Amino acid sequence: VQLQAFGGGLVQPGGSLRLSCAASGRALSSYFMAWFRQAPGKEREFVAAISWSGDSTSYVDSVKGRFTISRNNAKNTVWLRMNSLKAEDTAVYYCAADAAGGNSPDMYDYWGQGTQVTVSS
């Protein structure tokens, strides 16, 4: 499966963005999907994940209540809605896919190219 992430940009603190991850090559329903992020000088960090059918989600504590992951298998797309953005959310955001899933980057076989999110006034 090929993944393409987009939707990043520059936003002021407190603002919102919606990231999209478009899949091609194979049905999205075969994959557990996740978003990770990597800030300069830091390791890649788990942000959110969603099960194959979308009935189960998980989040890192720092984004709970602010971010929402969702998917539409018919559209082969996963989204990450980010509200109340903070400067510490600044990072390159990656979508990832795997048949089994989890919350570690090592568990994922397929990655999008990343999209930059910058939160700054």
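The following legends describe several close-up views of a predicted model. Local features are taken only where pLDDT is at least 70 and side-chain atom pairs only at pLDDT 80 or more, whereas totals for chains, interfaces and linings use all residues. Residues are numbered from 1 along each chain as its sequence is written, and side-chain values use heavy atoms, with hydrogens and water left out.

**View 1**
Strand β9 spans residues 91-98, and seven of its eight residues are buried, where buried means under 20% relative accessible area, exposed over 50%, and partly exposed in between (1.4 Å probe, protein chains only). Strands here are DSSP runs of E with at least two residues, numbered from the N terminus, and two strands pair if DSSP finds at least two bridges between them. With strand β4 (residues 32-38), β9 runs antiparallel and is joined by seven bridges; within this pairing, Arg37 has Tyr93 of β9 as its bridge partner. Strand β11 (residues 115-119) is also antiparallel to β9, through three bridges, and Thr115 of β11 stands opposite Tyr93. Two bridges connect β9 with strand β10 (residues 110-111), again in the antiparallel sense, and there Trp111 of β10 stands opposite Ala96.

**View 1. The open sheet β1-β3-β8-β7.**
Four strands in the order β1-β3-β8-β7 form an open sheet with antiparallel pairing. Because β1 and β7 stand at the edges, each with a single partner strand, one side of each is left without a neighbour in the sheet. Neighbouring strands are turned by 15 degrees against each other on average, direction ignored; the axes are lines fitted to C-alpha atoms, and angles run from 0 to 180 degrees between N-to-C directions. Six bridges hold the antiparallel pair β3 and β8, and Leu17 is placed opposite Met82 of β8.

**View 2. Nonpolar cores.**
A nonpolar core is a set of buried Ala, Val, Leu, Ile, Met, Phe, Trp, Tyr and Cys residues joined through side-chain atoms within 4.5 Å. The largest such core has 29 residues, and those with the most contacts inside it are Met33, Trp35, Leu80, Met82 and Tyr93. Two or more residues are given to this core by each of β1 (2-6), β3 (17-24), β4, β5 (45-50), β7, β8, β9 and β11. A second, separate core has seven residues, among them Ala34, Ala49, Ala96 and Tyr108. Leaving aside residues up to four places away in sequence, Met33 touches residues including Leu3, Cys21, Leu28, Ile50, Ile69, Val78 and Ala96, contact meaning heavy atoms within 4.5 Å.

Arg66 and Asp89 meet through their side chains in a salt bridge at 2.8 Å, N to O, where a salt bridge is a side-chain nitrogen of Lys or Arg within 4 Å of a carboxyl oxygen of Asp or Glu. This pair links distant parts of the chain, with Arg66 in the loop between β6 (57-59) and β7, and Asp89 23 residues away. Arg66 is buried at 10% relative accessibility, and salt bridges that share partners join Arg37, Glu45, Arg66 and Asp89 into one network.

**View 3. Asn73 in its loop.**
Asn73 is located in the loop between β7 (67-72) and β8, and with a relative accessible area of 25% this residue is partly exposed. The side chain of Asn73 reaches the backbone oxygen of Trp52 at 3.0 Å. Apart from neighbours within four places in sequence, Asn73 is in contact with Leu28, Ser29, Trp52 and Ser53. Between Asn73 and Ala97, which are 24 residues apart in sequence, the C-alpha to C-alpha separation in space is 13 Å.

Key: Polar contact = N/O pair within 3.5 Å; in protein donor to acceptor, adjacent residues only side chain to side chain.
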